[in-house]
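Colleague: Can you take me through this model? I'd like to start with the helix packing and then move to the sheet.

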Amino acid sequence: MYLLCAVTSVITGCLVLFKMRSLLSQHKAKLVLLWQDRICSYLRDWLTRSTQPERMLKYVLERAVAGVPQSVVDTIDEFCKSTEWAMNVGDEKGLILDQIVSEVNPSIVLELGTYCGYSTIRIARLLQPGARLYTVEFNPDTAKVAKQIIAHAGVGDQVQLLVGSSWDLIPELREKFDVKKLDFVFLDHWKESYTRDAKLLEACDLLRKGTVLLADNVICPGAPDYLEYIRHHSRYQSEYYPSHLEYTQIEDGLEKSVYLG
């Protein structure tokens, strides 16, 4: 009996420690995001009287080779590692994005969340001639910067940057832009909008059998509602790709979901 109690106590203690470690890890991730994405960014904006997108643009124009997409991608990675952190998909998860885009070989792509155009360029540089990428950015000032960075990379001919809310623009894709079906969708905007916009894509009949949805930051900062929806929906087959939050060693990952029709 004593041995049983001792074993039970050890197991219980291990479970408590595991839970505490998990909670501390989540807490650390939130603190890193708060520090990097809010406090540091705000201080730099105040000190330089500029925004992060403007500083990134200046860095790219000064260092990246015009017309060479990989040079722009590498330069943004360098900026984020050596100058200031930014919430792009990043180099590590970017390789996963590259792999999946190459496997899908899409003709029509929708990206939700352009920011400064980093993932836009990663995707566009892998597209076949004639393929189209529609990328949605809510902030008009950020969109102006993204447009310049995309042009500097030399992929502007394949990219159409749409400014506004995904909620407003998704229903317009068919009538205004003659998009019948999407081959690939990259979700990298507000995490709380992932589920809503996936359902909107379904309602607007923009997904075909085999359309791939790839969602970033599903662990950090996290998209639990989306994972619950996409993993338990009979019309999707999903797979998780573990990785790390961009330019850190904090756990994060991508969720790939194939629409089954």
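Colleague: At what angle do helix 3 and helix 6 pack?

Modeller: Helix 3 (residues 69–82) and helix 6 (residues 140–153) pack at about 130 degrees, with axes 7 Å apart. That makes helix 3 oblique to helix 6; angles under 35 degrees count as roughly parallel, over 145 as roughly antiparallel, 65 to 115 as roughly perpendicular and the rest as oblique. Axes are lines fitted to C-alpha atoms, for helices over the stretch in contact, and angles run from 0 to 180 degrees between N-to-C directions.

Colleague: Which residues meet there?

Modeller: Pro69, Val72 and Ile76 in helix 3 meet Ile149, His152 and Ala153 in helix 6, contact being heavy atoms within 4.5 Å. By class there are five nonpolar, one polar and no charged residues. Ala, Val, Leu, Ile, Met, Phe, Trp, Tyr, Cys and Pro count as nonpolar, Asp, Glu, Lys and Arg as charged, and the others, Gly among them, as polar.

Colleague: What are the ground rules?

Modeller: This is a predicted model, where local features need pLDDT of at least 70 and side-chain atom pairs count only at pLDDT 80 or more, while totals for chains, interfaces and linings use all residues. Residues are numbered from 1 along each chain as its sequence is written, and side-chain values use heavy atoms, leaving out hydrogens and water. Helices (H or I, at least four residues) and strands (E, at least two) are DSSP runs, numbered from the N terminus.

Colleague: On to the sheet. What is the strand order?

Modeller: The order is 3-2-1-4-5-7-6, in an open sheet of seven strands with mixed pairing; two strands pair if DSSP finds at least two bridges between them. Strand 3 (159–163) and strand 6 (236–244) are the edges, each pairing on one side only. From one strand to the next, the twist averages 15 degrees.

Colleague: How does strand 5 pair with strand 4, parallel or antiparallel?

Modeller: Parallel, with five bridges between strand 4 (residues 182–187) and strand 5 (residues 207–215). Phe184 has Val212 as its bridge partner, and Phe186 has Leu214.

Colleague: And strand 7?

Modeller: Strand 7 (residues 251–259) pairs with strand 5 in the antiparallel sense, over four bridges. Val212 stands opposite Val258 there.

Colleague: Which helix lies across strand 4, strand 5, strand 6 and strand 7?

Modeller: Helix 4 (residues 90–104) does, running at about 150 degrees to strand 6.
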